[in-house]
Amino acid sequence: MKKNRLLGALLALCLLFAAVGCAGGTAEEGGPQPETPGTAEEPVYAEVSGQVFEGEDFVTCGILCVEEETQEEQFYLTDYAGRFGFSLEKGNYTLTFYKDSQYKPYTVQLQIKNQLPQRFPSIQLERLFDLREKGYYSADLHQHSVYSDGKDSPYDMYRYDLAMNLGVAALTDHNSVDGTSEFLKTGALYEDTLALAGVEVTSADKGHINVLNTDTAYGYAFESKEDVIAMIEEAKSDTTFVQINHPARLDVMGFDYLEELPDFGFDGYELWNGKAESPMSGTNLAAKNKWFEYLSAGYYIPATAGSDNHGYETQHSKNPRTYVRMESVTTEAFLAALKSGHSFLSNGPVVLADIKGTSYGDAVAPGAYTLRTEVLYNAAVGTVRVIVNGEVFSESESGENSCTSETELTLKAGDYVVIETESPDGGYAITNPIFCK
């Protein structure tokens, strides 16, 4: 009896297994297979490290790492001594070491096959030209940290600014100066980039206003034009710089009174905001056109550029800067140069121009002149335009990374001259005017 029950149980099990086999197929036929613990392939990582130099001196820089198959980007910074170290998963990568357009980027191909460390004892960056010798220093006037809606600490923001070779960097969190102390202390520690306190006074729908060299948040409700004027009057002084940010935006972040701009007495006008996808498109282009419209009507407000950086890991290349001409890198000299328009705006191409020694923000008397222009870049320069009174006067092309030209001009009182460049790789620059009075 027990033997019959046992045989019956075995028969039932055989029938059950046969049914499962018919429903799902065998392993060889692609049916479900049981998981074996511990058989999943673990990712393979390798440490990548090294140090970056300019000649015998170490330099800070950024490192853009692109995985060739997925095109996924990762961005890293060296430390102050040019040292770097990070882990990369198995794959093929392109690493680009770079600072700003004064340097030639250094690119290396890297294949990670296993966990063996990859060591680069000496990455050499080549400096193509030195703007300091020509009296110009790059500046970023518009940046955000974790103290408003940014992703990075003030300490890390400064490290990025230093790596990108900025002469001056401002921290301008929305309605907050809580990160100012950390930013300024970091600047005092490293010294190479002048750190500047600031704030972006942010209204609900009237506009965003940058105040540089301040530790005040300015708590205004901005319910009217009079509120905005009152805030500007409180903030303006010989030791501050007050500018309107992204003025031509069509949403609540634009300036509600752009058609009445002269009534407000701003020190500067953010013609170029780095949040746009390309240099002169959309609201940046609208801001430029409005700036030319005011210039031609006889009203001048110095143009500026700012990255509007909210996180260097995702906003790391071709950020617009304001390049300022000054004899020494001090807060006083910098603010005076900004207010005078002794500057050009660029995400790379460097534009040096003068009329008989007179350059951006200054004026010559009426007469016949030769405009001398020099453009420097770490890529092909591309198109160079001379603009007189808002219209293109002449245009030239260059496939080299430097070019010089001379343009004969006859100027009368009220005329102004602006130089603009556009490069094949997305580089762009525009200058403040040289005037005729």
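A cavity is taken here as a set of grid points where a 1.4 Å probe fits but cannot get out, and its lining residues are those with an atom within 4 Å of a point. In this predicted model, a search of the whole structure finds one cavity of 30 Å³ or more, and the largest cavity holds about 40 Å³ of space. The lining of the largest cavity consists of H246, P247, A248, R249, E270, L271, N273, T283, N284 and A287, with strand β17 (268–273) and helix α5 (282–296) as the elements that contribute two or more residues each. By residue class, this lining comprises four nonpolar, four polar and two charged residues.

The ring centres of F75 and Y160 are 6.3 Å apart with their planes at 75°, so the pair is edge-to-face; because F75 lies in strand β4 (residues 73–77) and Y160 in helix α2 (residues 154–163), the pair ties together parts that are 85 residues apart in sequence. Both F75 and Y160 are buried. An edge-to-face pair is likewise formed by W272 and Y428, at 5.3 Å centre to centre and with 75° between the planes. Since W272 belongs to strand β17 and Y428 to strand β28 (residues 428–431), this pair ties together parts that are 156 residues apart in sequence. W272 is buried, with a relative accessible area of 3%, and Y428 is buried as well, at 2%.

One aromatic cluster is formed by F58, Y80, Y155, Y158, F183 and Y190. Lysine side chains also lie over aromatic faces: K290 is placed over Y294, at 5.8 Å from the ring centre, and K437 over F435, at 5.6 Å from the ring centre.

Technical notes
Residues are numbered from 1 along each chain as its sequence is written. This is a predicted model: local features need pLDDT of at least 70, side-chain atom pairs count only at pLDDT 80 or more; totals for chains, interfaces and linings use all residues. Side-chain values use heavy atoms; hydrogens and water are left out. On a 1 Å grid over the protein atoms alone, a cavity is a set of points where a 1.4 Å probe fits but cannot get out, and a pocket is an open set with protein on both sides within 12 Å along at least five of seven lines; lining residues have an atom within 4 Å of a point. Grid points are joined across faces, edges and corners, and a volume is the space filled by probe spheres set on the points. Helices (H or I, at least four residues) and strands (E, at least two) are DSSP runs, numbered from the N terminus. Ala, Val, Leu, Ile, Met, Phe, Trp, Tyr, Cys and Pro count as nonpolar, Asp, Glu, Lys and Arg as charged, and the others, Gly among them, as polar. Rings of Phe, Tyr and Trp (its six-membered ring) pair if their centres lie within 6.5 Å; planes under 30 degrees apart count as stacked, over 60 as edge-to-face and the rest as tilted. Buried means under 20% relative accessible area, exposed over 50%, partly exposed in between (1.4 Å probe, protein chains only). A charge sits over a ring if NZ of Lys or CZ of Arg is within 6 Å of the ring centre and within 35 degrees of the ring normal.
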